[in-house]
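Reader: I have a model to look over. Take me through the chain as a whole, then one residue.

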Amino acid sequence: MRYRMLELPENLRPQERLYRYGTEPLTDAELLAILLRTGSQQENVLELAERILLEVGGLSRLAQESAHDLTQHCGIGPAKAAQILAALELGRRMRQSIPEKRSKITCPEDAANLVMEQMCGLDREHFWVIMLNTKNSCLGIDKVSIGSLNSTVIHPRECFKEAIRRSANAVILVHNHPSGDTLPSPEDRQITARLVQGGKLLGIEVVDHIIIGDRNFFSCKEGFMI
């Protein structure tokens with residue numbers, strides 16, 4: 001016997017709360033419970049959702065789970081794993097389909113916020129370049145390369161190719177650390193120095209290098225590395 005949503009007390013049913021209050025007040029566990037629809041023989045659906053989030057380490061870590069990973073959790077079979085992954089992928093595609101606004105970058109936090117939602121759940125190191133015009137407004141984001149779990153290799157030619165094509169005045173380098181730790185590695189320091197020098201030769205200023213972690217970031221400019 002599987003515990004269904006309707007067997008929860010009415011004031012605890014996530015679906016009823018969504019109808020009444022909208023999606024924003026719902027917790028991550030309640031939203032996940034709506035996707036799962038049913039619990040297991042041992043847990044109702046809300047308890048199952050809460051346990052899954054606890055076991056994976058939160059919503060951002062859930063986004064890194066594969067179908068196989070998800071089915072290793074008690075109470076999650078292939079159908080539930082598929083529902084979770086489909087919902088997460090729809091969210092990613094929706095964010096990617098929104099046209100990039102010409103956001104004005106006035107501080108490291110502005111740059112970090114521009115890419116945080118897309119980068120913080122990635123399971124590989126990605127290296128992106130935010131291109132700026134003379135007014136520090138975003139011309140676009142060039143997704144330059146994808147590396148391994150803990151490193152990415154980038155050549156100055158690849159880094160500045162799109163910036164040159166778009167006649168960018170300056171760039172902000174961005175990459176993520178899947179571990180969540182934003183402390184720059186020795187390799188991060190080396191590539192930052194190398195790309196700053198490459199930008200000078202091309203007449204394109206490297207304004208900052210932002211490292212994205214788990215809902216936090218490190219600014220190489222604020223860390224006196226640029």
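**Whole chain, then one residue**

Author: This is a predicted model. Of the 226 residues in the protein chain, 44% are classed as buried.

Reader: How many helices and strands are there in the protein chain?

Author: Start with the order of elements. From the N terminus, the protein chain reads α-α-α-α-α-α-α-β-β-α-β-α-β-β. The count is nine helices and five strands.

Reader: What box do the C-alpha atoms of the protein chain fill?

Author: The box is taken along the principal axes. Its dimensions are roughly 70 × 35 × 30 Å.

Reader: How far apart do the centres of the positive and negative side chains lie?

Author: Take the two sets in turn. The protein chain carries 27 positive side chains and 29 negative ones. Their centres are separated by 7 Å.

Reader: Which strand holds L173?

Author: The strand in question covers residues 170–176. L173 is part of strand β3.

Reader: Is L173 buried or exposed?

Author: Buried means under 20% relative accessible area. L173 has a relative accessible area of 0%, so L173 is buried.

Reader: How far apart in space are L173 and A163?

Author: In sequence, L173 and A163 are ten residues apart. From C-alpha to C-alpha, the distance is 11 Å.

Terms used
Residues are numbered from 1 along each chain as its sequence is written. This is a predicted model: local features need pLDDT of at least 70, side-chain atom pairs count only at pLDDT 80 or more; totals for chains, interfaces and linings use all residues. Side-chain values use heavy atoms; hydrogens and water are left out. Helices (H or I, at least four residues) and strands (E, at least two) are DSSP runs, numbered from the N terminus. Buried means under 20% relative accessible area, exposed over 50%, partly exposed in between (1.4 Å probe, protein chains only). Lys and Arg count as positive and Asp and Glu as negative; His and the chain ends are not counted. The place of a charge is taken as NZ of Lys, CZ of Arg, CG of Asp or CD of Glu.
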